[in-house]
Amino acid sequence: MNEKLTNYLNEVFAAYEGVRSVSELKADLHSDLQERFRELKAEGKDDETALEMTIDSIGDIEQTVLEVANLSRSLERQVLTNLSASNLAESDFAGVTAHKGKFTSSTLRGSDFTNADLTGSSFKSSDVKDARFDGANLTDCNLTTLDLANASFNQSTLVRTNFSKSWLAGATFTGVHLTDVNLTMTALTKTVFENCVFDGVDFTSSDLTGQRFDGQIFIGVKFDRAGLKEVSFKGATLKNVSFQGSLLSKKYYRAIKTICFDGATMDKLTFAALKGMDADLSKVTVI
């Protein structure tokens with residue numbers, strides 16, 4: 001009968017070989033089941049009845065084993081993706097899955113994160129110059145106070161991604177739908193945006209001097225107290241976009257007058273706000 005118990009456990013645990021916490025659970029359970037079997041035999045139960053009652057006593061063990069295995073694997077992944085304070089220049093992370101990965105204070109210059117799923121990961125205070133995030137999922141990622149010069153984010157997924165206070169000179173964003181992205185207090189004068197949709201993006205207090213947003217879409221975006229001198233929105237679409245400056249400074253309002261809105265389309269409230277700041281809206285279509 002001990003052999004039958006062993007075979008039963010081997011069958012249940014077969015799919016989880018190599019998972020340390022599951023192996024430990026199997027050893028403990030095997031010992032407990034043997035003791036329970038002996039107790040039932042001492043009570044006068046025959047072998048078949050004692051075996052059946054022993055197995056029934058542990059309930060839905062398969063579900064328990066699955067939960068333990070999933071937890072163990074999750075913890076193992078977290079350990080593997082804690083790469084903080086590491087020298088990882090020009091590393092290949094293309095296609096990896098690293099949810100809530102830790103890449104803080106690391107050297108990641110020139111690394112390839114193409115098509116990686118980095119949901120919830122943190123790169124705070126790292127050197128990520130020349131890195132490639134093309135096609136990567138950067139949902140809920142923390143990319144604050146980074147050197148992201150010449151990094152590429154083409155076709156990447158940016159949802160609630162935080163880029164505040166980072167260096168993005170030469171960085172490229174092509175064909176990206178930015179949703180609730182934080183780009184506050186950031187120098188963006190040499191950042192390239194092409195064919196993008198900006199949905200709920202916050203540019204508050206960022207320097208956008210000379211930036212070209214021609215033909216792109218802006219919905220619920222904030223440009224409050226941003227540097228907007230000679231920015232171009234030719235042919236762009238603006239809906240519920242906020243332009244608010246400091247009452248103590250006229251610099252913001254002077255910059256508004258230098259913005260090119262030729263061929264742009266905007267809603268009535270955005271139009272009214274810009275008109276009140278003497279923006280040139282002579283070639284704007286109101287919707």
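Ser152 is found in the loop between α4 (61–80) and β1 (158–159), where helices (H or I, at least four residues) and strands (E, at least two) are DSSP runs numbered from the N terminus. The model is predicted, with local features requiring pLDDT of at least 70 and side-chain atom pairs counted only at pLDDT 80 or more, while totals for chains, interfaces and linings use all residues. Residues are numbered from 1 along each chain as its sequence is written, and side-chain values use heavy atoms, leaving out hydrogens and water.

Ser152 counts as buried because its relative accessibility is 10% (buried, under 20% relative accessible area; exposed, over 50%; partly exposed, in between; 1.4 Å probe, protein chains only). Its side chain makes a polar contact of 2.9 Å with the side chain of Asp134 (a pair of N or O atoms within 3.5 Å; within protein, one must be able to donate a hydrogen and the other to accept it, and residues adjacent in sequence count only if both atoms are side-chain atoms). Leaving aside residues up to four places away in sequence, Ser152 touches Ala131, Arg132, Phe133, Asp134 and Thr172 (contact, heavy atoms within 4.5 Å).

Ala169 lies in the loop between β1 and β2 (172–174). With a relative accessibility of 16%, Ala169 is likewise classed as buried. Beyond residues up to four places away in sequence, the residues touched by Ala169 are Ala149, Asn150, Lys190 and Thr191. For one of these, Lys190, the C-alpha to C-alpha distance from Ala169 is 4.8 Å, at a separation of 21 residues in sequence.
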